[in-house]
Amino acid sequence: MSKMLQSFSPESDGYQFMWIILVVFMIGLGFSIERIVYIMVKSSKGRAKFLADFGKLISSQQFEEALTLANKTNLPIARVMAAIVGAKSGGRDTMQAACDAVFLTEAPRLTRYISIIQVMASISTLLGLMGTIYGLIFTFDAVANKPASERAKALSDGIAIAMGTTLLGLLSAVPLLVIVGLLNMNSERLIQEMEEKGLKIINSLS
């Protein structure tokens, strides 16, 4: 172990953990931004207005207008509504099958990549722990093997690596985990809404 540590130095190797953590964080952040845009903007913006307008057209039995509205609205729930109304002439089973087919396409799109963000958060934490262990090993080796004149600097370098990588790993992981929680909450809400509204429209058209 002593020979291995003598071939490394904190300046050249220990702080590389911090750069790797930053790279992992940037990857997680990139996926986070993409998911936030898709889930909270593209899949949510204008949803309430669409449902209100669509519901009015269905209530007044203007099915062609409702289908046109759904087809020109770029929302997951609109695609579900369009599939149901488009299959209205085939009866309840046909509408349910059409709804299920679109739902099985749209639901995975809402949850896509969220697990990757969670993995990036876990990797950041583990890399911080690895840097901490490396710093502690370097510190203990300094106490045992360094000359007295070099011991203070070696100790400070090892402790700096141990504490710095731990802090950076947590600073990377915590925001990513918060984002994962928000994305899961919003995607589940949209999926539940598609199920609920789809069933209501099927019941009203049956």
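The largest cavity in this structure is lined by S43, R47, P76, I77, L110, L190, E193 and M194. A cavity here is a set of points, on a 1 Å grid over the protein atoms alone, where a 1.4 Å probe fits but cannot get out, and lining residues have an atom within 4 Å of a point. The model is predicted, so local features need pLDDT of at least 70 and side-chain atom pairs count only at pLDDT 80 or more, while totals for chains, interfaces and linings use all residues. Residues are numbered from 1 along each chain as its sequence is written, and side-chain values use heavy atoms, without hydrogens and water.

The structure holds 1 cavity of 30 Å³ or more, and the largest has a volume of about 40 Å³. That volume is the space filled by probe spheres set on the grid points, which are joined across faces, edges and corners. Its lining divides into 5 nonpolar, 1 polar and 2 charged residues. In this division Ala, Val, Leu, Ile, Met, Phe, Trp, Tyr, Cys and Pro are nonpolar, Asp, Glu, Lys and Arg are charged, and the others, Gly among them, are polar. Helices α6 (76-86) and α9 (148-205) each supply at least two lining residues; the largest share, 3 residues, comes from α9. Helices are DSSP runs of H or I with at least four residues, numbered from the N terminus.

Buried means under 20% relative accessible area, exposed over 50%, and partly exposed in between, with a 1.4 Å probe and protein chains only.

Helix α4 covers residues 47-59, and its 13 residues should span 18 Å at 1.5 Å a residue, which agrees with end C-alpha atoms 18 Å apart. The expected span is 1.5 Å times one less than the number of residues. After α4 comes Q61, with a positive phi near 60 degrees.

Elsewhere, the count comes to 2 aromatic pairs. F31 and Y113 form a tilted one, 5.4 Å centre to centre with 50 degrees between the planes. Rings of Phe, Tyr and Trp (its six-membered ring) pair if their centres lie within 6.5 Å; planes under 30 degrees apart are stacked, over 60 edge-to-face and the rest tilted. This pair links distant parts of the chain, 82 residues apart: F31 is in helix α3 (residues 16-42) and Y113 in the loop between α7 (92-111) and α8 (114-145). F31 is partly exposed at 26% relative accessible area, and Y113 is partly exposed at 32%.

Notes: On a 1 Å grid over the protein atoms alone, a cavity is a set of points where a 1.4 Å probe fits but cannot get out, and a pocket is an open set with protein on both sides within 12 Å along at least five of seven lines; lining residues have an atom within 4 Å of a point.
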